[in-house]
Amino acid sequence: MPLTIPREFQPFLRDGDNAITATDARSLAYDGQFVFTSPNMTFVPQLYDNPSNIVQARADGKFWAMDPFQWPQMYADAYTWSFTIPRHEFHEPGTDLWYAWWSPVFSDDFEPLSPGHVFGKLKSTHREHLFRLYERANKRVGSYKLFREHKQDAVVGWVTGLRSVYERFKETLAWRDIVMILAEFQRRFLEIWSMVDYLEIFEPRLKFEDKEHGVNKTWMGCFTKDSAIALRLHKAGVPVWLIRDVRLVDNKINIRQVVPFTPANLVFGMYLHPIKNFAQPFDIRYKGPSDHQRQAAVRQPYLTFEEIPVDQTEVNRLAVSREPSSGKAPAKKMNKSTTYEPTALRQNQSQVGRDKWADVVHPSMPSINTFFASAMSQAEKDSSRVKRTHARMDEGYRLPDPGLFVNVLSSQSLKKYLANWLACRESWLKHVYVSPPSPLPRSQNWRDLLIMQPTPQPSSSSGQMPSGKTGKSKAKLGSFFGDELSLLRQFWAGSQILQWREIIYEICEQSFRYDLLELDERLARHMRRDREARKCRMDLLRGIFPQHSLTMWDKDFSTRNDGLNAESFQDALAFFEKFRQVLIAWEGAPQDLKQPFTESMPEGEKWQRMKQCALFYVQSFYDNTGRPPVVPHMLYVGA
């Protein structure tokens, strides 16, 4: 048990100073070991931060107090916009956004295929209200795009995802699945709404570091143990609760009121069969404290749909018979192979692929560096910016696009992708570092390699590859990955334990280093005029990374986030300064980047300048290749 010092807290105001700063308390609650204070809210919500807490959908399809769309969570860099999620208590029945929290009732809101049947649809009136929610989100993002001069931010793709979820309501589904799809739709809507608030309201406020904005009580807010984060959020008007060890709380902080913790008044019970009334709990998605992984688990797609236990022809006939007659031909049913999978935004995109500008939310995907996440959303995606073919860099990938690993339709495929990469990883990394092929493999080449389960090569007297499309595909793979293909054949004879997250993190980090080197060689040729100049340039590039190396596949992982991924301005400053020195030699470098980072620089200015470095890098990469870059991701989840 940790040592605690018994303390009592009472309302207190300093003589002649009753102001409430970020470390003072408009409200205070404590549990013996920790003190929770808020400078801008009059209550303190209970924090559910136990390592034994489980993320499991409840009867309403939501995740009780583990759900960032229902209850404040710990601040997480990967989901910074979560604190601008709207609070449901400010939206009463009949208001525009009320359906973002609405929970249906089986007996009142469901149209079964037949009496006593658990398969059917939501009533059309509710579907119409949900469609109006989609229209609200689409309209708001449309206005944001116009203000942003039509930049294709990630939030634009989220609207497409929201529409794809809505299309599921037109299908005949089990009531249990409807509950989960509705909750998925509501989360998607709230994600969009909060992101636009974050971009249009919160981020502009950061520019005025000396101004303190009034708190927006309609926002969800968050908990944090970092007083610097609490200060920044408080000044921007975000509800925030600062957590401190009771032994470290100053005796002279202003305290307006001491309050009990406010418990979560949310649906806690498990899902029950609507007719037979027996429990049908949903799967547990995650077990652990309030962190990035919990938020990622809540955002995972729901894919375990029940099958209709009757003849499909009869189901279609019954479903059609319930639709109002309009004189129009019946709409075609959605093909099951195009079902929506929200985490990777790949709904109905088997032809067009995922949005590579958007962050991928998946348990195996490390969280994106905050500064680069902002850069990926703000970069200009106009194709007219891209240089002509003869003047641009090779748009292929030295390493596989990390999104390939999580943009697959089954866990078995994911295992195969990771196993194949692990089998040829060492051989390929050495090969591509010393003498990369030209042209580089494209995403499809990597996909073909990673999905393979090689069999021994058949003997052939002619020794020729088979003709036709398959033969050409194999021949192309052989030209890129000759040695690696033989390794795959050996690998599938044995087994391998995979550390998925670490593998994908390594690909992200090593891809960024290779891309940075290649882009610098193109944009800073004048800095490599002789051997000594080239040596100085390479030393500068290596200085961006903690191990002073452009390769990481031959090094041990750090035990914490460091370098450009460091979790404090102080720790990241030296590495961003080296990054800035590299960037200012590039064509089109902003004038603001010519001023070096200093420790005395205000925190708000450091924040903005680091974002500017990331944005200039991302934009330069796109302009010279025509595709988004692979940017730094963080292996470890911050508190």
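Predicted model: local features only at pLDDT ≥ 70, side-chain atom pairs only at ≥ 80, totals over all residues.
Residues are numbered from 1 along each chain as its sequence is written. Local features need pLDDT of at least 70 and side-chain atom pairs count only at pLDDT 80 or more, while totals for chains, interfaces and linings use all residues, and side-chain values use heavy atoms, with hydrogens and water left out.

Visitor: How many helices and strands does the chain have?
Guide: Helices (H or I, at least four residues) and strands (E, at least two) are DSSP runs, numbered from the N terminus. On that basis the chain has 16 helices and 14 strands.

Visitor: What percentage of the residues of the chain count as buried?
Guide: Buried means under 20% relative accessible area, exposed over 50%, and partly exposed in between, with a 1.4 Å probe and protein chains only. Of the 639 residues, the share that counts as buried is 53%.

Visitor: Is Gly221 buried or exposed?
Guide: Gly221 lies in the loop between α4 and β9. Not counting residues up to four places away in sequence, Gly221 touches Pro72, Phe83, Val238, Pro239 and Trp241, where contact means heavy atoms within 4.5 Å. Its relative accessible area is 3%, so Gly221 is buried.

Visitor: How far apart in space are Gly221 and Thr84?
Guide: In sequence, Gly221 and Thr84 are 137 residues apart. From C-alpha to C-alpha, the distance between Gly221 and Thr84 is 6.5 Å.

Visitor: Which elements do the buried residues of α5 pack against?
Guide: Helix α5 covers residues 227-235, and its buried residues are Ile229, Ala230, Arg232, Leu233 and His234. These buried residues pack against α4, β9 (222-224), β10 (240-245), α15 (569-583) and α16 (603-625).

Visitor: Which residue with positive phi follows α5?
Guide: At the start of α5, a side-chain oxygen of Asp226 reaches to within 2.8 Å of the backbone nitrogen of Ala228. After α5 comes a residue whose phi is near 85°, and that residue is Gly237.

Visitor: How are α3 and α4 oriented to each other?
Guide: Axes are lines fitted to C-alpha atoms, for helices over the stretch in contact, and angles run from 0 to 180 degrees between N-to-C directions. The axes of α3 (residues 154-168) and α4 (residues 175-205) come within 9 Å and cross at roughly 160°. Angles under 35 degrees count as roughly parallel, over 145 as roughly antiparallel, 65 to 115 as roughly perpendicular and the rest as oblique. The two helices, α3 and α4, are therefore roughly antiparallel.

Visitor: What is the handedness of the crossing of α8 and α16?
Guide: Helix α8 (residues 370-378) packs with α16 at an angle of about 55°, with the axes 8 Å apart. The helices α8 and α16 are therefore oblique to each other. A crossing is left-handed if the near helix is turned anticlockwise from the far one by less than a right angle, and right-handed if clockwise. The crossing of α8 and α16 is right-handed.

Visitor: How many nonpolar, polar and charged residues are in the contact of α15 with α16?
Guide: The axes of α15 and α16 come within 10 Å and cross at roughly 40°. The residues in contact include Phe569 and Phe576 of α15, and Trp607 and Met610 of α16. Ala, Val, Leu, Ile, Met, Phe, Trp, Tyr, Cys and Pro count as nonpolar, Asp, Glu, Lys and Arg as charged, and the others, Gly among them, as polar. The contact of α15 with α16 has 12 nonpolar, no polar and 4 charged residues.

Definitions and conventions: Polar contact = N/O pair within 3.5 Å; in protein donor to acceptor, adjacent residues only side chain to side chain.
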